Amino acid sequence: MTTMYQTLATLGKPIAYGYHSKPVTVPYLVLLGAGQDQFEADNTYYVTADRYRLEYYFKKKDPDFEGQIEALLLSNGFKYEKSEDIYIDSEDVFEIYYTF
């Protein structure tokens, strides 16, 4: 987890695990654990892999920064799924999340 966090911190935006304990301005990132994939046979686990969810919050669409996130994930061996832009009315921000 620490390595994942440190890798994402190289993007240069505020990042926290779970939530930011102090107010931050957009854009910012939040990293969450998203369960675990497991390959099981003969009553044992042969392979387990942690899954993550990276949430990107923004007011103004920035395709270049999204590309940086995606390139960073791919260059570190993570295939990802990307959500649509989700508007959060109560906070007047958008969110995109990546699961990998």
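# Exercises on a predicted model

Lys13 lies over the face of Phe65, 4.9 Å from the ring centre; a charge sits over a ring if NZ of Lys or CZ of Arg is within 6 Å of the ring centre and within 35 degrees of the ring normal. This is a predicted model, in which local features need pLDDT of at least 70 and side-chain atom pairs count only at pLDDT 80 or more, while totals for chains, interfaces and linings use all residues. Residues are numbered from 1 along each chain as its sequence is written, and side-chain values use heavy atoms, with hydrogens and water left out.

## Exercise 1. The overall fold

Task: State how many helices and strands the protein has, and in what pattern they follow along the sequence.

Solution.
- Step 1. The protein has 2 helices and 6 strands; helices (H or I, at least four residues) and strands (E, at least two) are DSSP runs, numbered from the N terminus.
- Step 2. Along the sequence, these elements follow the pattern α-β-β-β-α-β-β-β.
- Step 3. The C-alpha atoms fill a box of roughly 50 × 30 × 25 Å, taken along the principal axes.
- Step 4. Of the 100 residues, 31% count as buried; buried means under 20% relative accessible area, exposed over 50%, and partly exposed in between (1.4 Å probe, protein chains only).

## Exercise 2. Arg53 and its partners

Task: Determine which residue forms a salt bridge with Arg53 and which parts of the chain the pair ties together.

Solution.
- Step 1. Arg53 forms a salt bridge with Glu95, their closest N and O atoms being 3.4 Å apart; a salt bridge is a side-chain nitrogen of Lys or Arg within 4 Å of a carboxyl oxygen of Asp or Glu.
- Step 2. Arg53 lies in strand β3 (residues 44–58) and Glu95 in strand β6 (residues 93–99), so the pair ties together parts that are 42 residues apart in sequence.
- Step 3. Arg53 counts as partly exposed, at 24% relative accessibility, whereas Glu95 counts as buried, at 7%.
- Step 4. Arg53 also lies over the face of Tyr97, at 3.7 Å from the ring centre.

## Exercise 3. The salt bridges of Glu66

Task: Identify the salt bridges in which Glu66 meets Lys61 and Lys82, and describe the network they belong to.

Solution.
- Step 1. Side chains of opposite charge can pair when their charged atoms come close.
- Step 2. The N to O distance is 2.9 Å for Glu66 and Lys61.
- Step 3. Glu66 is buried, with a relative accessible area of 3%, while Lys61 is partly exposed, at 39%.
- Step 4. For Glu66 and Lys82, the N to O distance is 2.7 Å.
- Step 5. Glu66 lies in helix α2 (residues 63–75) and Lys82 in strand β4 (residues 81–82), so this pair ties together parts that are 16 residues apart in sequence.
- Step 6. Lys82 counts as partly exposed, at 38% relative accessibility.
- Step 7. Salt bridges that share partners join Lys61, Glu66, Glu70, Lys82 and Asp85 into one network. The structure holds 7 salt bridges.

## Exercise 4. Aromatic rings

Task: Give the number of aromatic pairs and describe the geometry of the pair formed by Phe78 and Phe100.

Solution.
- Step 1. Rings of Phe, Tyr and Trp (its six-membered ring) pair if their centres lie within 6.5 Å; planes under 30 degrees apart count as stacked, over 60 as edge-to-face and the rest as tilted.
- Step 2. By this rule, the count comes to 9 aromatic pairs.
- Step 3. Phe78 and Phe100 form an edge-to-face pair, 5.3 Å centre to centre with 70° between the planes.
- Step 4. The pair links distant parts of the chain, 22 residues apart: Phe78 is in the loop between α2 and β4, and Phe100 in the segment after β6.
- Step 5. Phe78 counts as partly exposed, at 26% relative accessibility, but Phe100 is buried, at 4%.
- Step 6. Ring pairs also link Tyr56, Phe58, Phe65, Tyr87 and Phe94 into a cluster.

## Exercise 5. The setting of His20

Task: Locate His20 and list its contacts beyond its neighbours within four places in sequence.

Solution.
- Step 1. His20 is found in the loop between β1 (15–17) and β2 (28–41).
- Step 2. Leaving aside neighbours within four places in sequence, His20 is in contact (heavy atoms within 4.5 Å) with Pro14, Ile15, Tyr28, Leu29 and Val30.
- Step 3. The C-alpha atoms of His20 and Val30 are separated by 7.7 Å, and these residues are 10 residues apart along the chain.
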